[in-house]
Amino acid sequence: AVTMSNELVSSYPNNYVFWKTRVRIFYTLSQVDPNMLIQALDAVKRAQALAPNDASINFNLGVIEGQTGNVDGAIQILERTIQLKPEYRDARYALGLFYYQKALDKDGKVIVDKSYLEKAKVQMEYILSHIGSADTQAKQALDTLNKK
């Protein structure tokens, strides 16, 4: 898969669909080899440069940025993603999780910034009130956040 992807992006460097596929390949491989996450990040950055208004590419970029430790970058990208597509449930959910992460101390145990906790709640509430009132994941997350 990697070899074929290398050939495709070499032959068609401006085809964002091939870059999106490359992101999926490296992201999947990163589940086995975490070093592949950097290659997924490089590929999603290239895809985003080619299609800056594609909400799914922006979502993937935000999530991967966060997973590589750039939580501030993830938040910024996911905020832009929900501007592009306000009803994007997964982007709002991920944004809420990253806000919550920012609310915690470096050990991930104590709330140190209540404004980020409130922002996390807003995202879960938005999902429940505008996207799907039966969303069990958002309900569970909101219940957890409300206990903090």
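**Entry 1**

I started at Tyr88, which counts as buried at 13% relative accessibility. My cut-offs: buried is under 20% relative accessible area, exposed is over 50%, and partly exposed lies in between (1.4 Å probe, protein chains only). I am working on a predicted model, where local features need pLDDT of at least 70, side-chain atom pairs count only at pLDDT 80 or more, and totals for chains, interfaces and linings use all residues. Residues are numbered from 1 along each chain as its sequence is written, and side-chain values use heavy atoms, with hydrogens and water left out.

Next I searched the whole structure for aromatic pairs and got 3. Which geometry do Phe59 and Tyr88 adopt? They form a tilted pair, 5.3 Å centre to centre with 40 degrees between the planes. Rings of Phe, Tyr and Trp (its six-membered ring) pair if their centres lie within 6.5 Å; planes under 30 degrees apart are stacked, over 60 edge-to-face, and the rest tilted. Phe59 lies in helix α4 and Tyr88 in the loop between α5 and α6 (89-103), so the pair ties together parts 29 residues apart in sequence. I checked Phe59 too: buried, with a relative accessible area of 15%.

I then took another pair, Tyr99 with Tyr116. This one is also listed as tilted, at 6.0 Å centre to centre and 40 degrees between the planes. Tyr99 sits in helix α6 and Tyr116 in helix α7 (residues 114-131), 17 residues apart, and the pair links distant parts of the chain. Tyr99 is buried, at a relative accessible area of 5%.

**Entry 1: the whole chain**

I counted elements: the protein chain has 8 helices and 0 strands. Helices (H or I, at least four residues) and strands (E, at least two) are DSSP runs, numbered from the N terminus. The order from the N terminus is α-α-α-α-α-α-α-α. The C-alpha trace spans about 50 × 35 × 25 Å along its principal axes. Of the 148 residues, 41% count as buried. I looked at contacts with a separation of 6 or more: residues 24 or more positions apart account for 49% of them. Contact here means heavy atoms within 4.5 Å.

**Entry 2: α1 against α2**

How do helix α1 (residues 2-11) and helix α2 (residues 16-30) pack? Their angle is about 155 degrees, and their axes are 10 Å apart. That makes α1 roughly antiparallel to α2. Axes are lines fitted to C-alpha atoms, for helices over the stretch in contact, and angles run from 0 to 180 degrees between N-to-C directions. Angles under 35 degrees count as roughly parallel, over 145 as roughly antiparallel, 65 to 115 as roughly perpendicular, and the rest as oblique.

α1 passes α2 in a left-handed crossing. Left-handed means the near helix is turned anticlockwise from the far one by less than a right angle; clockwise is right-handed. From α1, the contact uses Val2, Ser5, Asn6, Leu8 and Val9; from α2, Phe18, Trp19, Arg22, Ile25, Phe26 and Leu29. I sorted these by class: 8 nonpolar, 2 polar and 1 charged. Ala, Val, Leu, Ile, Met, Phe, Trp, Tyr, Cys and Pro count as nonpolar, Asp, Glu, Lys and Arg as charged, and the others, Gly among them, as polar.

The axes of helix α3 (residues 36-50) and helix α4 (residues 55-67) come within 9 Å and cross at roughly 150 degrees. α3 and α4 are therefore roughly antiparallel. Their crossing is left-handed. The α3 side brings Leu37, Ala40, Leu41, Val44, Lys45, Ala47 and Gln48, which meet Ile57, Asn58, Asn60, Leu61, Ile64, Glu65 and Gln67 of α4. By class, I get 8 nonpolar, 4 polar and 2 charged residues.

I moved on to α4 and helix α5 (residues 71-84): an angle of about 160 degrees, axes 8 Å apart. α4 and α5 are therefore roughly antiparallel. The contact takes Ala55, Asn58, Phe59, Leu61, Gly62, Glu65 and Gly66 from α4, and Ala74, Ile77, Leu78, Arg80, Thr81 and Leu84 from α5. The classes are 7 nonpolar, 4 polar and 2 charged.

**Entry 3: two spot checks**

Is Gln76 buried or exposed? Gln76, in helix α5, counts as exposed at 57% relative accessibility. Val17, in helix α2, is partly exposed at 44%.
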